[in-house]
Amino acid sequence: MRPKILINGRNQTMIFDFMRQTAVQFDNVTTSNGWEDLSGHFKLCQPDVYIVFQDSSFEQSIRELTKLKESSFFNGAAILLIGDNDACNQVERKAPGLVDIMVRRPVTTENLSMRIKRYLEDSAHAKASNDAFQAKTNQVDALIQAAEAAISSAGATAPAPTAPAAGGAALRPLAPGEKRHLLVVDDDRTVLKMLKSALEEKYDVTTMASGAMIEKMLEVKKVDMIILDYEMPIETGAEVFQRLKKNPKASGIPVCFLTGVSDREKIMEVMSLKPIGYVLKPIDMDTLTATIRNIIG
């Protein structure tokens, strides 16, 4: 389907020349300067581009185009304004964003046609990219909601902090003044620093850049919960998690994954491991703290 062009102006010579030379490329429709004619044409032909030959002052052009864009019949067509250099500069300065395509005189039909085609092609490409991105975003959102629902369901049957924790091990009693101990494992030291700073007021926080030393630390210090990055370069979070499940001293410690993965297979992979929690990166601290609080208090 050819793009539809609606033209408004008194330069009949150029209008007819444009219509004649671009008849194969566009469906062209002319209109007078009357508002009733303009509204009728918009309602009937629903143009893709509205070309205005600037014949009046820039102030009047701004008023008329503003009125058009605020009207009930305006369909969002691209507005192309043809004017002298001074008028175009004034419109750009006084009403930025009012006009989509600004063409300064002198102008040829060939140049005008090229500007319209380029604008429509760029708009179509941007719309396709945005639609694809939105579809991907919607898909990821649905997967995340499903993952959160699964975790929420698991959490609904999980014991309260004073009862046995995940894996059957009871939460250890705390000495007076003692805090629950969090172990945060992430290869990103910026994340480690941020989480330690955010969580250490309420919890005793230890950070590690890999999972290699977890077992050694468990020999000397009790851990109430592990916050584990899912994507690490040497040993992944999934590999660390599976190793911990085989370790009697670690198998009962609840593990919450931190991850930036967003495709379906990865999300399902994370969920299949059955962690106690799952928080997406970039990290929302309210979500993370609520997850920790629900698991260990």
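Biologist: Which relative accessible area makes a residue partly exposed, and where does E200 fall?
Modeller: Buried means under 20% relative accessible area and exposed means over 50%, with partly exposed in between. In this predicted model, E200 has a relative accessibility of 39%.

Biologist: How many salt bridges does a search of the whole structure find, and which residues are joined into one network?
Modeller: The search of the whole structure finds 13 salt bridges.

Biologist: How many residues apart are D224 and R172?
Modeller: The side chains of D224 and R172 meet in a salt bridge of 2.9 Å, N to O. D224 is in the loop between α7 and β8, while R172 is in the loop between α5 and β6. Both D224 and R172 are buried. The pair links distant parts of the chain, 52 residues apart.

Biologist: In the salt bridge of K281 with D186, which residue is buried?
Modeller: The closest N and O atoms of this pair are 2.8 Å apart. K281 lies in the loop between β10 and α10, and D186 in the loop between β6 and α6, 95 residues apart. K281 has a relative accessible area of 26%, so K281 is partly exposed. With a relative accessible area of 0%, the buried residue is D186.

Biologist: Is the ring pair of F42 and F74 stacked, tilted or edge-to-face?
Modeller: The ring centres of F42 and F74 are 5.7 Å apart. F42 is in helix α2, and F74 is in the loop between α3 and β4. Planes under 30 degrees apart count as stacked and those over 60 as edge-to-face. The planes of F42 and F74 stand at 55°, so the pair is tilted.

Biologist: What kind of pair do Y230 and F257 form?
Modeller: Y230, in the loop between β8 and α8, and F257, in strand β9, are 27 residues apart. Both residues are buried. Their ring centres are 5.0 Å apart and their planes lie at 85°, so the pair is edge-to-face.

Biologist: Which residues form one aromatic cluster?
Modeller: A search of the whole structure finds six aromatic pairs. F42 is buried at 0% relative accessibility, and F74 is buried at 17%. Both belong to one aromatic cluster, made up of F42, Y50, F73 and F74.

Definitions and conventions:
Residues are numbered from 1 along each chain as its sequence is written. This is a predicted model: local features need pLDDT of at least 70, side-chain atom pairs count only at pLDDT 80 or more; totals for chains, interfaces and linings use all residues. Side-chain values use heavy atoms; hydrogens and water are left out. A salt bridge is a side-chain nitrogen of Lys or Arg within 4 Å of a carboxyl oxygen of Asp or Glu. Helices (H or I, at least four residues) and strands (E, at least two) are DSSP runs, numbered from the N terminus. Buried means under 20% relative accessible area, exposed over 50%, partly exposed in between (1.4 Å probe, protein chains only). Rings of Phe, Tyr and Trp (its six-membered ring) pair if their centres lie within 6.5 Å; planes under 30 degrees apart count as stacked, over 60 as edge-to-face and the rest as tilted.
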